Amino acid sequence: MSITRVSVIGASGRMGSEVCRAVDAADDLELVGCFDVDDDLGDLGGADVVVEFSVPDASATNVAHCLDQGVHVVVGTTGWSESKLAELGTRLEQHPEVGVLIAPNFAIGAVLMMAFAQKAAEFYESVEIIELHHPDKVDAPSGTAARTAELIGAARDRAGLAAVQDATTSDPDGARGARAHGIPVHSVRLRGLVAHQEVLFGQTGEMLTIRHDSFDRVSFMPGVLAAVRKVGDHPGLTVGLEHYLGIA
Ligand SMILES: NC(=O)C1=CN([C@@H]2O[C@H](COP(=O)(O)OP(=O)(O)OC[C@H]3O[C@@H](n4cnc5c(N)ncnc54)[C@H](OP(=O)(O)O)[C@@H]3O)[C@@H](O)[C@H]2O)C=CC1
Ligand SMILES: O=C(O)C1=N[C@H](C(=O)O)C[C@H](O)C1
């Protein structure tokens with residue numbers, strides 16, 4: 001059995017510490033480095049693959065360091081804008097052998113929820129997303145909600161659907177939520193929650209709700225470990241774990 005050496009960036013955080021435990025427990029993986037804020041990333045502990053769960057402002061710089069070391073990266077940190085992704089794509093041209101996976105959500109059920117929502121999108125006039133998370137989360141809307149909106153928006157465009165109908169003319173306090181790719185998104189932050197999302201589809205006389213709940217961060221680990229094992233076989237930039245799981 002070949003052993004893959006893994007380092008974790010953001011290793012002291014909620015996700016990073018869970019990843020360290022999961023890597024430690026896997027027979028085919030060896031945890032060779034744990035890095036957090038202010039640590040010198042150096043040679044990344046000699047890792048074959050780095051897992052990056054830090055903060056939106058730091059992730060791009062950390063990933064660039066991994067590329068410069070020729071190390072594959074599995075990224076869970078949110079906040080990857082189109083411009084940051086484009087910059088990363090350009091940087092990857094200098095390292096064509098390196099694989100980078102950016103996945104807004106590693107829970108298999110969340111990946112399926114996004115795929116199901118994409119499939120349903122063309123059949124419904126109305127759609128809204130409600131994402132619910134723990135109150136220590138720093139970004140809103142969640143990366144998962146933003147990605148779901150992007151997938152639904154693209155499916156609606158392909159189907160030639162008009163913009164989501166909404167007669168609201170007065171909303172001084174933003175009660176109708178944010179808009180991502182034309183889809184209303186509502187963010188809830190509540191002590192006791194981990195990571196949850198509902199996608200509501202409406203049509204005259206019916207409603208479809210697609211919901212996923214992560215009750216514990218262990219729910220993300222099978223996806224993270226699958227990505228660690230596969231990222232070397234996918235050189236270049238991949239956005240979304242669905243592309244590694246045959247779901248896309
Ligand atoms: N894709 C997925 O499935 C999931 C993605 N996430 C995303 O992962 C990210 C992390 O979430 P979570 O673990 O809850 O957050 P935490 O705040 O618990 O963890 C982030 C860690 O990164 C550290 N950090 C800050 N700056 C840097 C830096 N420059 N380099 C390295 N480490 C740094 C933080 O240190 P300090 O606290 O001292 O600043 C902290 O230890 C978020 O973007 C979140 O949205 C979360 C869950 C699942
Ligand atoms: O911060 C979190 O906790 C989570 N972040 C990701 C997101 O923004 O979508 C994934 C999951 O929802 C948990």
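The protein chain is built from 7 helices and 11 strands. Its radius of gyration is 19 Å, close to the 18 Å that the globule rule gives for 248 residues, so the chain is as compact as a globular protein of that length. If you follow the C-alpha trace along its principal axes, it spans about 55 × 40 × 35 Å.

Keep in mind that you are looking at a predicted model. The protein chain averages a pLDDT of 97, and 100% of the residues score at least 70. For the complex, the predictor gives an ipTM of 0.99 and a pTM of 0.97.

Now let's look inside. Of the 248 residues in the protein chain, 37% count as buried. Take the contacts between residues at least 6 apart in sequence: 71% of them join residues at least 24 apart. The largest nonpolar core has 57 residues, and those touching the most other members are Val50, Val51, Val74, Leu101, Val224, Ala227 and Val228.

Which residues does Val50 contact, leaving aside its neighbours within four places in sequence? They are Ser7, Ile9, Leu44, Cys66, Val71 and Val73.

One of those partners, Leu44, deserves a visit of its own. You will find Leu44 in the loop between strand E2 (29-35) and strand E3 (49-52). Is Leu44 buried or exposed? It has 24 C-beta neighbours inside 10 Å, and a residue needs 20 or more to be buried, so Leu44 counts as buried. The backbone of Leu44 has a phi near 60°, a positive value in a residue other than glycine.

His181 also has a positive phi, of about 50°, although it is not a glycine. This residue lies in the loop between strand E7 (178-180) and strand E8 (183-189). His181 is partly exposed because it has 16 other C-beta atoms within 10 Å.

A cis peptide bond joins Ala140 and Pro141, with omega about -5°.

Strand E1 (residues 4-9) brings us to Arg5. With 18 other C-beta atoms within 10 Å, Arg5 is partly exposed. Setting aside neighbours within four places in sequence, Arg5 is in contact with Glu30, Val32, Gly46, Ala47 and Asp48. Arg5 and Glu97 are 92 residues apart in sequence, and their C-alpha atoms are 17 Å apart in space.

Finally, turn to the ligands. There are 25 residues around ligand 1, and Gly10, Gly13, Met15, Ala58 and Gly76 come nearest. Which helices each supply at least two residues of this shell? They are helix H1 (14-25) and helix H2 (56-68). By residue type, the shell around ligand 1 divides into 11 nonpolar, 11 polar and 3 charged.

Technical notes. Residues numbered from 1 in each chain as written. Chains lettered and ligands numbered in written order. Predicted model: local features only at pLDDT ≥ 70, side-chain atom pairs only at ≥ 80, totals over all residues. pLDDT = per-residue confidence, 0-100. Near = placed C-beta within 6 Å. Helix = DSSP H or I, 4+ residues; strand = E, 2+ residues; numbered from the N terminus. Nonpolar A, V, L, I, M, F, W, Y, C, P; charged D, E, K, R; others polar. Core = buried A, V, L, I, M, F, W, Y, C linked by C-beta atoms within 7 Å. Buried ≥ 20, exposed ≤ 12 C-beta atoms within 10 Å, placed from the backbone. Contact = placed C-beta atoms within 7 Å. Rg over C-alpha atoms; globule rule 2.2 N^0.38 Å.
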